[in-house]
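Reader: Please show me the model, and then I will ask on what grounds its features are named.

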Amino acid sequence: MTEQHPHQNSAEFWEEFYGERGPWTGNPNAALVAELAERPLTPGSALDVACGTGGDAIWLAAQGWAVTGVDIARAALTQAARAAEAAGCADKIHWQQADLETAFPDGAWDLVSVAYLHSPVTLTRERILRSAATAVAPGGTLVIIGHQGTMHWAESSDGQLPSFPTNNETLAALDLADWTLVHSGEVPVMRRKPDGTAESHVDGVIRLRREPA
């Protein structure tokens, strides 16, 4: 996360971001792959929240999941759909454009995954995470992956270093009743700084199971 743009329209920002950046690597987030490898789930229905260009959604579809990928940016979803076609799994993924703060998808899924829900424009992260929890079917799983702490090389327009919530802070903010905490852990990752050098950082992984009705 770099310079903050709190007054820019979120949809406009992300359309510009994905339009200028072009396709990502297409790889799924390593933390999600590792989590589901260590504690496997039987494939069912999955919702990829803020799916971007679809790396996680496409990987889940390849594992046998029926996936819905939702994002605010049409540019990201266009790239995601092309990548799904190339991967031969377009028929297993439904792409949906939505502003998750005001129009969260209706439905219930066996797995809801939220990876790196951070934004340099104004974002009510807790509201979206609560909506994501609501979208988990009884007996289903919620996985939240995100940065933790401070990226010391990052800068914001007000001169403050952006700080990310810890797993404990995220869990306390959600305060979910009738859920079981399956796993809360840290994953060391290397981030490339603007000057091209790399720096170690810590990401968090939270996995919760909603108790059956």
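**Sheet, cores and cavity**

Author: In this predicted model, 7 strands form an open sheet of mixed pairing, in the order 3-2-1-4-5-9-8. Residues are numbered from 1 along each chain as its sequence is written, and side-chain values use heavy atoms, with hydrogens and water left out. As the model is predicted, local features need pLDDT of at least 70 and side-chain atom pairs count only at pLDDT 80 or more, while totals for chains, interfaces and linings use all residues.

Reader: Why do strand 3 and strand 8 count as edges?

Author: Strand 3 (93-97) and strand 8 (179-192) each have a single partner strand, so one side of each is left without a neighbour in the sheet. Strands are DSSP runs of E of at least two residues, and helices are runs of H or I of at least four, both numbered from the N terminus.

Reader: What is the basis for the angle of about 45° between helix 2 and strand 9?

Author: Axes are lines fitted to C-alpha atoms, for helices over the stretch in contact, and angles run from 0 to 180 degrees between N-to-C directions. On that basis, helix 2 (residues 30-38) runs at about 45° to strand 9 (198-210), and helix 5 (residues 125-134) runs at about 150° to strand 5.

Reader: Why is the set that includes Leu 60, Trp 95 and Ile 145 called a nonpolar core?

Author: The name is given to buried (under 20% relative accessible area, 1.4 Å probe, protein chains only) Ala, Val, Leu, Ile, Met, Phe, Trp, Tyr and Cys residues joined through side-chain atoms within 4.5 Å. The largest such set has 23 residues, and Leu 60, Trp 95 and Ile 145 are among those with the most contacts inside it. Helix 3 (55-62) gives the most to this core, with 5 residues.

Reader: What makes the space beside Ile 145 and Thr 170 a cavity?

Author: On a 1 Å grid over the protein atoms alone, a cavity is a set of points where a 1.4 Å probe fits but cannot get out, and lining residues have an atom within 4 Å of a point. The search finds 1 cavity of 30 Å³ or more. About 60 Å³ of space lies in the largest cavity, where volume is the space filled by probe spheres set on points joined across faces, edges and corners. Ile 145 and Thr 170 are among its lining residues, and strand 5 gives the most to the lining, with 4 residues.

How values were computed: Two strands pair if DSSP finds at least two bridges between them. Contact means heavy atoms within 4.5 Å. Buried means under 20% relative accessible area, exposed over 50%, partly exposed in between (1.4 Å probe, protein chains only). On a 1 Å grid over the protein atoms alone, a cavity is a set of points where a 1.4 Å probe fits but cannot get out, and a pocket is an open set with protein on both sides within 12 Å along at least five of seven lines; lining residues have an atom within 4 Å of a point.
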